[in-house]
Amino acid sequence: YRDIGLAAYKQYVEHHYLGNPSTTRSKRRRKNLKVFGDQKMKKKRQNLADKQKRLVQTCIKKTLALSFSSDQQLHARAHQFLDIPRALADADGVPCKGVKANATKVMEKRYTNVIQSSVATLPLPQAIVIDGMFIINSSPLKLPSTQTFQQYFNFLLHRWIIPYLKSAAAIELHLVFDDPNRNGPSPKALERERRDLCRECNSTIIPVEDDVALPNNWQAFLGNRQQKRLLVNYISTKLLDPVTLTHLRHDQKLVVAGGFDGERRDKAFSIKRGQAPIWEPSLTSNHEESDSRVWLHAFSSGKARVMIYSPDTDTYHIGLPLLEKYSDIEVTVQLAPSTSAAPYSESRFLLLNRLREALHQDPDLSDIERLSLTSVLQTVFVTTGCDYVSFFARIGKVTFLDTLYQYASFITGKSMQHYGTLTDCDPNKSLLAFYRLVGSAYFKTHRSAFEHSSPEQFFKTLAADGRSSHAQHIKFIDTIRDTIWARVPFEDEMPPSSGALKLHWLRSLWVLNLWSQADTTSVVINDVGMSGWEINSSGFKVVWETPEHVTQIQEKVALLTRGCGCKTGCRTKRCQCSKKGQYCGPGCKCSQCSNVKSVSNMSESEDELLLEEEAEEIRARSNLERMLMTTEDEEYSTVCEDSNTEPLSSRQVDKCTADGASSDSSTV
């Protein structure tokens with residue numbers, strides 16, 4: 001930078017002061033001026049997450065100080081100081097995200113024969129269903145032959161369509177696309193907004209036509225959802241052009257669905273070589289997501305062997321429970337694109353029927369009803385995070401699945417049917433099984449904090465006469481929260497409250513109901529307003545906590561952090577606390593306060609909910625210390641001369657002893 005600065009300075013002097021003409025006028029940029037002085041340091045903007053951490057630290061310190069001073073045990077309800085469960089959402093209230101593919105890794109590690117790198121040794125599929133939303137993410141090749149949308153369509157045709165059509169066994173090829181917001185505002189909009197924030201987006205709409213040049217930034221082009229829909233419409237229309245599909249054999253059929261608007265919306269069309277497109281009424285549906293619609297096409301094809309291409313982990317979890325109904329159809333899911341021209345080699349294939357049989361034969365899951373095993377796995381996958389439901393911040397899918405295998409009998413086994421299982425028809429009973437799943441996962445993660453050897457043994461110790469099963473499960477969650485609180489640095493490592501978990505469970509039930517209709521043509525959407533979300537003028541919003549719990553948290557934080565600062569003893573209505581009809585609390589900074597509540601008049605329930613009694617004790621002690629300090633010098637001389645004085649405070653004894661007081665220690 002010294003050389004740059006000297007050169008710029010020399011050129012600046014010659015041009016501005018000496019008047020020498022210059023073709024390259026010097027620009028005094030910031031980097032060229034570093035040699036002349038230091039840059040001004042801008043004040044870093046305070047992060048919301050940092051504010052929350054400081055708030056929690058302040059509340060914890062005051063709560064601990066009041067607890068120690070009053071010699072009272074802390075209660076679980078005092079341990080959460082944020083009105084958003086940070087185990088499920090970030091500081092802005094955005095749902096936590098995790099890695100869905102880790103669920104596949106668990107299956108691959110536990111059942112070694114369910115995933116293969118090639119299916120060449122197996123019978124080839126007769127019907128192939130492709131999730132079209134993944135193929136359009138293929139960036140155009142930077143070649144002179146791929147410059148327009150027509151050329152890009154030809155690229156997709158030779159990359160994805162023709163290799164599958166050349167398969168000797170393939171009779172049908174289905175291409176399925178998303179139809180966003182088909183059924184009105186959807187909770188998936190929250191996930192779409194999160195994705196849009198993480199990538200570029202072109203605001204200018206480019207017409208998608210044959211001779212129009214491709215954009216330079218393909219991902220920014222796809223970032224505009226209106227633009228993306230126009231591309232889907234273009235590809236779907238081109239695929240139904242008889243001139244395009246010269247590679248089709250006479251016995252083959254191509255089906256396109258989900259990519260049409262207007263009068264053809266919801267409809268599916270098929271085309272054969274040399275024929276006009278035909279409407280397929282049995283495949284016409286109102287599905288919004290292609291990952292669920294692919295299963296309608298797979299099971300409606302009537303073929304014994306079907307392969308689905310979809311790297312999305314949600315896809316095979318949607319169809320897994322449906323295999324109990326369509327057990328005669330052999331389904332293979334291609335999880336990754338092929339790296340060569342052959343579509344069935346050098347990829348990853350999940351044999352879904354084998355996975356179903358492996359679950360049935362797993363000894364760790366033997367206590368679960370055989371026909372509900374696939375539904376249990378789907379439920380655990382949804383509740384621990386998917387596109388609609390938030391993940392847990394510090395506990396991933398691997399931990400939850402390991403917990404299920406280790407404590408399957410306690411979580412959702414036959415021995416716990418009187419409490420409820422994860423697949424119970426009664427949502428109140430299935431909620432209790434979800435409580436046991438979450439509690440067991442946190443018990444497993446913080447095993448050393450508990451004296452019991454298993455969550456089931458710990459759960460049984462909470463049973464009490466007259467306590468309902470629901471109350472016992474609430475106690476189970478609250479006690480785990482209470483135990484873990486002292487071990488974690490922040491609230492994101494603490495289990496959510498029972499109310500937050502119930503709202504999370506309602507959102508999961510909404511998703512499970514949606515996925516259970518994957519093989520139907522008419523999908524019925526449950527009311528999202530009754531399922532843990534709310535709709536306002538700005539769109540969808542997740543309801544993280546119950547209003548009652550939010551009010552309790554806000555009152556607790558206000559008590560610990562806010563208050564008056566009176567200097568006159570809080571005896572008049574100028575005091576903010578007295579004006580509101582409240583007693584001064586630990587958040588007040590007043591001196592010689594008289595607006596405190598007597599400990600003797602406080603009930604046991606008030607003692608659990610409020611902290612005024614602790615505040616009074618600390619304030620009384622501080623006032624006593626001030627009084628002693630002001631009179632300490634006068635008492636010191638009197639005490640040292642007169643052995644018949646009243647007993648001294650410990651501070652006065654220490655001072656007399658340190659100065660060599662002549663008083664008799666026994667008298668003192």
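How many helices and how many strands are there in the protein?

1. Overall content. The protein has 24 helices and 11 strands; helices (H or I, at least four residues) and strands (E, at least two) are DSSP runs, numbered from the N terminus. This is a predicted model, in which local features need pLDDT of at least 70 and side-chain atom pairs count only at pLDDT 80 or more, while totals for chains, interfaces and linings use all residues. Residues are numbered from 1 along each chain as its sequence is written, and side-chain values use heavy atoms, with hydrogens and water left out.

2. Confidence. The mean pLDDT, the predictor's confidence in each residue on a scale from 0 to 100, is 81 for the protein, and 80% of the residues score at least 70. Where pLDDT is low, the predicted coordinates should not be read in detail.

3. Burial and surface. Of the 668 residues, 48% count as buried; buried means under 20% relative accessible area, exposed over 50%, and partly exposed in between (1.4 Å probe, protein chains only). The accessible surface comes to about 33700 Å², of which carbon and sulfur atoms hold 51%. Such areas come from the Shrake-Rupley method with a 1.4 Å probe, and for residues only the protein chains shown count as cover. Among contacts with a separation of 6 or more, 67% are between residues 24 or more positions apart.

4. Nonpolar cores. A nonpolar core is a set of buried Ala, Val, Leu, Ile, Met, Phe, Trp, Tyr and Cys residues joined through side-chain atoms within 4.5 Å. The largest one has 95 residues, and Trp295 and Leu355 touch the most other members. Helix H15 (residues 427–445) gives the most to this core, with 10 residues. Apart from it lies another core, of 45 residues, which includes Tyr164, Leu165, Val212 and Val232. Beyond four places in sequence, the contacts of Trp295 include Ile308, Tyr316, Leu322, Val333, Leu352 and Ala518.

5. Strand E2. All five residues of strand E2 (residues 127–131) are buried. Ala127, Val129 and Asp131 lie on one side, with Ile128 and Ile130 on the other, and both faces are covered. E2 runs parallel to strand E3 (residues 172–176), to which five bridges join it; within this pair, Ile130 has Leu175 as its bridge partner. E2 also pairs in the parallel sense with strand E7 (residues 305–309), over four bridges, and here Val306 is the bridge partner of Ala127. Two strands count as paired if DSSP finds at least two bridges between them.

6. Strand E4 (residues 253–257) pairs with E5 in the antiparallel sense over four bridges, and Leu254 stands opposite Ile271. Two bridges join E5 to strand E6 (residues 278–279), again in the antiparallel sense, with Ser270 opposite Ile278. E5 and E6 form a hairpin with six residues between them, and Gly274 in the turn has a positive phi of about 75 degrees.

7. Helix H12. In H12, 10 of the 11 residues are buried, among them Leu373, Val376, Gln378, Phe381 and Thr383. The helix is followed by Gly385, whose phi is positive, near 125 degrees.

8. A buried lysine. Lys238 lies in helix H8 (residues 225–239). Lys238 counts as buried because its relative accessible area is 14%. Leaving aside neighbours within four places in sequence, Lys238 is in contact with Gln150, Phe153, Asp210 and Thr244.

9. Cysteines. Zero disulfides are found in a search of the whole structure, a disulfide being a pair of cysteine sulfur atoms within 2.5 Å. Cys96 is buried, at 14% relative accessibility, whereas Cys425 is exposed, at 79% relative accessible area.

Conventions
Contact = heavy atoms within 4.5 Å.
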